[in-house]
Amino acid sequence: MNQVSRALTEFQEMDALAAMDTPIHRLHPLVKLLTTVVYIFLTVSFDKYDLTGLIPMVLYPALLFSITGIPVGTCFHKLRAVVPLVCAVGIVNPFLDREVLLQVGALSVSGGVISMLTLMCKGIFALMASFLLIATTSMDAICMALRKMHVPGMIVTLLLLTYRYVSVMIEEVSVMTDAYHLRAPGQKGIHYRAWGSFVGQLLLRSMDRATELYQSMQLRGFQGEFSYVAAPPLRGRDWAYFCGMAAGCLALRFVPVAELLGGMVISVD
């Protein structure tokens with residue numbers, strides 16, 4: 001199995017995760033989407049030096065990982081290409097902000113180091129919440145929830161078509177890669193001299209495949225907007241989940257949980 005085939009397998013594994021049957025999976029898609037938006041908004045609203053206040057926000061994704069049974073390692077494995085980019089956002093902060101804000105014994109910690117760690121945690125927490133949304137909700141259901149939030153149909157349709165066409169693109173790349181390796185046995189990867197023709201052929205094949213798909217959609221009555229999955233009614237447990245999670249996230253945002261726990265530990269000692 002080449003790398004492209006493995007990428008296609010991993011892409012299909014996300015659909016398998018979304019098809020699981022857990023209490024979180026059975027919740028209304030709109031509720032899960034709104035909860036994720038609230039969590040990410042509150043997470044990124046922390047001050048750049050408030051690292052101790054930000055750390056308890058990990059409780060939300062940790063709770064969902066526990067309920068759904070999805071391994072945390074699966075999340076970071078799927079996001080292995082994105083996590084380094086997120087962590088690199090604040091990597092220059094220690095060189096720009098050298099004012100010492102914390103003294104731990106003989107170790108001086110500058111504001112740049114704290115802000116870098118804060119930015120990294122914000123990005124990782126947001127990625128974990130987004131992964132959990134996709135891993136517990138199908139893309140059709142997410143698009144249905146977006147339409148319920150009155151997101152323009154054109155944007156939702158583009159999102160859904162892009163998601164569905166990614167797998168088609170990966171299949172085309174896999175076929176072309178296998179054909180290339182059959183013509184160049186023993187060669188690792190694609191030679192740089194063939195990159196231009198390879199991309200050009202991929203573009204032409206993709207355009208032909210897209211035309212065929214669009215014609216098939218028109219034959220099935222497509223008129224510019226999909227008929228998404230049937231929207232189930234919002235039930236009491238959906239509202240209870242949203243209110244409980246939103247209240248919990250608000251408490252983690254505005255209550256100094258880390259300081260309170262630290263004070264309790266010190267008082268016990």
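In the predicted model, helix α11 gives the most to the lining of the second largest pocket, with six residues, helices being DSSP runs of H or I of at least four residues, numbered from the N terminus. This pocket has a volume of about 280 Å³, and of its eleven lining residues the closest to the centre are L161, R164, Y165, L213 and M217. The elements that give two or more residues to this lining are α10 (153-183) and α11 (195-219). A pocket is here an open set of points on a 1 Å grid over the protein atoms alone, where a 1.4 Å probe fits, with protein on both sides within 12 Å along at least five of seven lines, and lining residues have an atom within 4 Å of a point. Volume is the space filled by probe spheres set on the points, which are joined across faces, edges and corners.

The largest pocket holds about 450 Å³ of space; among its 15 lining residues, F11, M14, K78, L79 and I134 are the closest to its centre. Both α1 (3-18) and α8 supply at least two residues of that lining.

Residues Y60, P61, L64, F65 and T68 of α4 meet M128, A129, F131, L132 and T136 of α8, contact meaning heavy atoms within 4.5 Å.

Residues are numbered from 1 along each chain as its sequence is written, and side-chain values use heavy atoms, without hydrogens or water. As the model is predicted, local features need pLDDT of at least 70 and side-chain atom pairs count only at pLDDT 80 or more, whereas totals for chains, interfaces and linings use all residues.
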